Amino acid sequence: MSQPESPADERAATGIEGLDHILRGGFPRNRIYLIEGDPGAGKTTLALHYLREGIGKGERGLYVTLSETPEELRIVAQNHGWDLNEIEICDLAASEESLRADAQYTLFHPSEVELGETTETILSEVERVQPARVVIDSLSELRLLARDPLRYRRQILALKRFFAGRNITVLLLNDRHSEVGDTQLPTLVYGVVVLENFIPAYGAERRRLRVSKLRGSSYRGGYHDFVLRTGGMKVYPRIVASE
């Protein structure tokens, strides 16, 4: 049974025409979504599309990076001819100081200290910037800092509680893994988009995506091909005979 459509102004468009068509206008606002995919599948490109679309609508955007440096993000943007000057970037990638030998031994395990500091910095940046759109890249780093599935789950739940009621639409980027903590992620978020590098037995490599979950909203199911090219991501929604 199809769900009623949400008004266009209650959707946060991604700026990717084909993907917005699949999502019936974009992500329902003020929720947390998981963008999951293989390395190099296009998660960062999708996230930058999403933030740039918000800037064009007068919405502030914050990109929290735990894996890529701001310089690496700018290189991705430059390859697409984009300017990131209006997007706030919070760099939480490991610093040189954290690699020093004397920083590795404390009363607590280093990961316990780093996890608390990382989470606190994310919350502080959100309070400072007051964004309407946030991207956190990536959960793989938080999972490593948490060290066990229970702490990892509690950390995601804490972020979910923090963003609740703050009128912020959040994308959580995550590499695809088979670990227990990751298999629980889809149950904690409002929606999930999966990006894949598909290698058929014959023919060229293909990229495809699917929306595996979008609570309370209709969307176009199944696999949809997409390409990454200069200018960003282009999605080709699958053709349905009845339409």
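Buried means under 20% relative accessible area, exposed means over 50%, and partly exposed is in between, with a 1.4 Å probe and protein chains only. Keep that in mind for the whole talk.

Now the ground rules. This is a predicted model, so local features need pLDDT of at least 70, side-chain atom pairs count only at pLDDT 80 or more, and totals for chains, interfaces and linings use all residues. Residues are numbered from 1 along each chain as its sequence is written, and side-chain values use heavy atoms, with hydrogens and water left out.

Start with the overall picture. The protein chain has 243 residues, and 45% of them are buried. It holds 8 helices and 11 strands. Those are DSSP runs numbered from the N terminus: H or I with at least four residues for helices, E with at least two for strands. Next, contacts, meaning heavy atoms within 4.5 Å. Take those between residues at least 6 apart in sequence: 70% join residues at least 24 apart.

On to the inside. A nonpolar core is a set of buried Ala, Val, Leu, Ile, Met, Phe, Trp, Tyr and Cys residues joined through side-chain atoms within 4.5 Å. Which residues touch the most other members of the largest core? Tyr63 and Leu195, out of 33 residues. Several elements supply at least two residues each, among them α1 (17-22), β3 (32-37), α3 (70-79) and β11 (232-236). Helix α2 gives the largest share, 5 residues. There is also a second, separate core of 30 residues, and Val64, Val129, Leu139 and Val192 are in it.

Leu139 takes us to helix α5, residues 139-146. This helix is mostly covered, with 6 of its 8 residues buried. The buried ones are Leu139, Ser140, Leu142, Arg143, Leu145 and Ala146. Look at both ends. Ser138 sits in the loop between β6 (133-137) and α5. A cis peptide bond joins Asp137 to Ser138, with omega at about 0°. Just after the helix, Arg147 has a positive phi of about 75°.

Two other positive phi values deserve a look. Arg24 is not a glycine, yet its phi is about 60°. Arg24 is in the loop between α1 and β2 (27-28), and is partly exposed at 29% relative accessibility. Gln130 has a phi near 55°. Gln130 lies in the loop between α4 and β6, and at 53% relative accessibility this residue counts as exposed.

Next, charges. Side chains of opposite charge can pair when their charged atoms come close. A salt bridge here is a side-chain nitrogen of Lys or Arg within 4 Å of a carboxyl oxygen of Asp or Glu. The whole structure has 12.

First slide: Arg60 and Glu88. Their closest N and O atoms are 3.6 Å apart. Arg60 is in the loop between α2 and β4 (61-65), Glu88 is in strand β5 (88-91), and the two are 28 residues apart. Arg60 is partly exposed at 44%. Glu88 is partly exposed too, at 26%.

Next slide: Glu127 and Arg166, at 2.9 Å, N to O. Glu127 is in helix α4 (110-129) and Arg166 is in the loop between α6 (149-163) and β7, so this pair ties together parts 39 residues apart in sequence. Glu127 is partly exposed at 39%, and Arg166 is partly exposed at 34%.

Arg208 is in strand β9 and Glu196 in strand β8, 12 residues apart. Arg208 is buried, at 16% relative accessible area. Glu196 is buried as well, at 9%. These two belong to a network of salt bridges that also links Asp38 and Arg176.

Finally, a pocket. On a 1 Å grid over the protein atoms alone, a pocket is an open set of points where a 1.4 Å probe fits, with protein on both sides within 12 Å along at least five of seven lines; lining residues have an atom within 4 Å of a point. How many residues line the second largest pocket? The lining has 15, and the closest to the centre are Pro39, Gly40, Lys43, Thr44 and Glu68. Helix α2 gives the most to this lining, with 3 residues.
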